[in-house]
Amino acid sequence: MEYVIFFASAFVAIICALLVISQKNPVASVIYLIMAFVAQAILYIQLSALFVAILQIVVYAGAIMVLFLFVIMLLNLRRDDFGPEKHPLQSWLTRIFGIVLVAELMIMISRGVGQSESMDRAGAEFGNVEQVATTLFTKYVFPFELTSILLIVAIIGAVVLGKRRAEEEEG
Amino acid sequence: MNLRFDIMIPELFLFGWAIVVLTADLFFIKEKKNALLYMSQFGFLAAAALVIFTPTGPNEVGFGYMFYNDTFASFFKIVILLAGFMAVSSSFEAVQKSIEHKGEFFGLVIMSAVGMMFLVSSTELVSLYVALELSTIPLFILTAFQKRYLKSSEAGLKYLILGALSSALLLYGMSFMYGMTGTTVLLAGSITMLLNSANVHYGLVLSLVLVVAGLGFKLALVPFHMWAPDVYEGAPTPITSYLSVASKAAGLAALTRIVYGFYTVGTAAEYWGILIAILAALAMIIGNFAALLQSNIKRMLAYSSIAQAGYILVGFVAASQLGLSGISIYIFAYLFANMGAFAIVVAVDHKLNSDRIEDYAGMARRSPLIAVCMTIFLLSLAGIPPTAGFIAKYKVFMAAIENGTLFWLVMIAVATTVVSIFYYARVIKEMFITEREVESSESKWILSSPITIAILVGLIGTLIIGIYPEPFLELASTVTQSFVY
């Protein structure tokens, strides 16, 4: 049963990810991306990383992708807004190199990373909310606090780049 | 868990100061906004003084190996703060002319410096990554700061997208590092326990390639350099100078922490030696030859900085005490020369509204002092005695020769240095030899005092290291003590 769920969700994740990049319509891309995220969330649950799975659905599939969808709909892009078509040679080369890269990654991961001894070290309580909270506020409190500075920077940036010019406001 | 706030006082101070600058912006009327520049200058200098007085050494570790204040970190912090000081100083004219949100401009430069300071002190993957983002995200914003100037927005967007891509590569590599060792702490030896199982090499190579590619984007190494010329051209010039020096120094420090700490140097030849050597060779060849073709001085300096990163990596591959101290002195020399050259580019841009190399014609007649300063900076970048660049290149090449296996790389480095002289000399030729009709209305240029300070600091640094390098070499040799070879 475990294998069935794993292969089904992995298959859905890969197919949806491929559809994200092959769709011409950005709205369809976003919807496939949401599906890929949900399939990934199921994989996380199987790895007993429940908290990550919930975050994946609530934050990524929920909040961020809905925002994406709204922005894309607001922009209302047409085909010719994407600029000229790529040279066919270029797009073929991209595909070939992409396939080579995926093959390389698969060989390296299956022969190397899969063999490492520390891979199955995670304990039973790994990934529940309590565990995540404890590590976040004890062991990783320093990077956690750094992210707060990062958020200030992001807010300033959004305000500066999004704000209208003074003259525009008057006029 | 050891909450060592005492060893991060410079960072905490500078972060507080960024908030002070941001808030002070609200209290100054439009004509008095120059005060913000002086405040930022003070912030950088005060933080540099604090760095000097903060204890360094093997015991200054905080937050469970996440923050490590060794001599290596404090050296890079000084470089970053000096670069920030000179960038802010040279931004006087640019800020008056085309920057609207002045408080945010200076605040973000300071915030970025805070991120870089945390970055060079990080000895742990999670904090290293967050610090890296903290240092680059302000730079995306600053690059796009001139909203009326289309090239600036384009540059900001390009930088953002490629920055996000490179972060993804870096994180992917880091996740393999964590997966294989079960630890995120970058201390020599976390890898040695892995070497027993034979198949693990594949995983190591995979994580190494991904991490080097991710950091390669940040350092603008060939073949990850495509964004650099466009971003350097589009960004406000003081930010370009800051990008080319501070962010390069911080990225290099991160690369050193990861490669020297995780892929320990004993196994260098096997894992990363050849990879980084090839990247260095490519950066030197492509950077220098592409710089020959440029007609815009900012683009030329962008390619030149790609090539300079290649020379720095030559010392990095040597993986020895000599190599690392060579890198340190190189970064110091590069800091003064590059920041100085960019300060002059800002001045010329302000007076002539042009970044084209042809427009430097006749500069020696109009303002001989500026022309002489520019010449010294360019000669230092090319590595001609008696400037700092010569000492730096000499040290780096010597380190690579002593390594024994890197003779081919040094040959490429020397050959491309000769190429580099051509394009640096072209600017000098324009300034001194090319005749130009000088309109009678053009008087001698008078530069504002902050930009003069930036040029002077660059000039003094370049000449002192070039003529009397001993104290700096001594300083550089202490930088290496926290790494094992």
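From the N terminus on, the elements of chain A follow the order α-α-α-α-α-α-α, with 7 helices and 0 strands; helices (H or I, at least four residues) and strands (E, at least two) are DSSP runs, numbered from the N terminus. The structure is a predicted model, in which local features need pLDDT of at least 70 and side-chain atom pairs count only at pLDDT 80 or more, whereas totals for chains, interfaces and linings use all residues. Residues are numbered from 1 along each chain as its sequence is written, chains are lettered from A and ligands numbered from 1 in the order in which they are written, and side-chain values use heavy atoms, with hydrogens and water left out.

Of the 171 residues in chain A, 23% are buried (under 20% relative accessible area, with exposed over 50% and partly exposed in between; 1.4 Å probe, protein chains only). Chain A exposes about 12300 Å², of which carbon and sulfur atoms supply 71% (Shrake-Rupley method, 1.4 Å probe; for residues, only the protein chains shown count as cover). Among the contacts in chain A (heavy atoms within 4.5 Å) with a separation of 6 or more, 57% join residues 24 or more positions apart.

Of the 20 residues of H3(B), 20 are buried. H13(B), with 32 residues, reaches 46 Å from its first C-alpha to its last, close to the expected 46 Å. Because 27 of its 32 residues are buried, H13(B) is largely enclosed by the rest of the structure.

Leu108(B) lies in helix H5 of chain B and counts as buried, at 0% relative accessibility. Its C-alpha atom is separated by 5.5 Å from that of Pro138(B), 30 residues apart along the chain. Beyond residues up to four places away in sequence, Leu108(B) touches Val153(A) and Ile156(A) as well as Pro138(B), Ile141(B), Leu142(B) and Phe145(B).

The second largest pocket has a volume of about 910 Å³. Of the 41 residues that line this pocket, the closest to its centre are Val95(B), Lys97(B), Ser98(B), Ile99(B) and Glu100(B). On a 1 Å grid over the protein atoms alone, a pocket is an open set of points where a 1.4 Å probe fits, with protein on both sides within 12 Å along at least five of seven lines; lining residues have an atom within 4 Å of a point. H4(B) supplies the largest share of the lining, 6 residues.

Definitions and conventions. Grid points are joined across faces, edges and corners, and a volume is the space filled by probe spheres set on the points. The expected span of a helix is 1.5 Å times one less than its number of residues.
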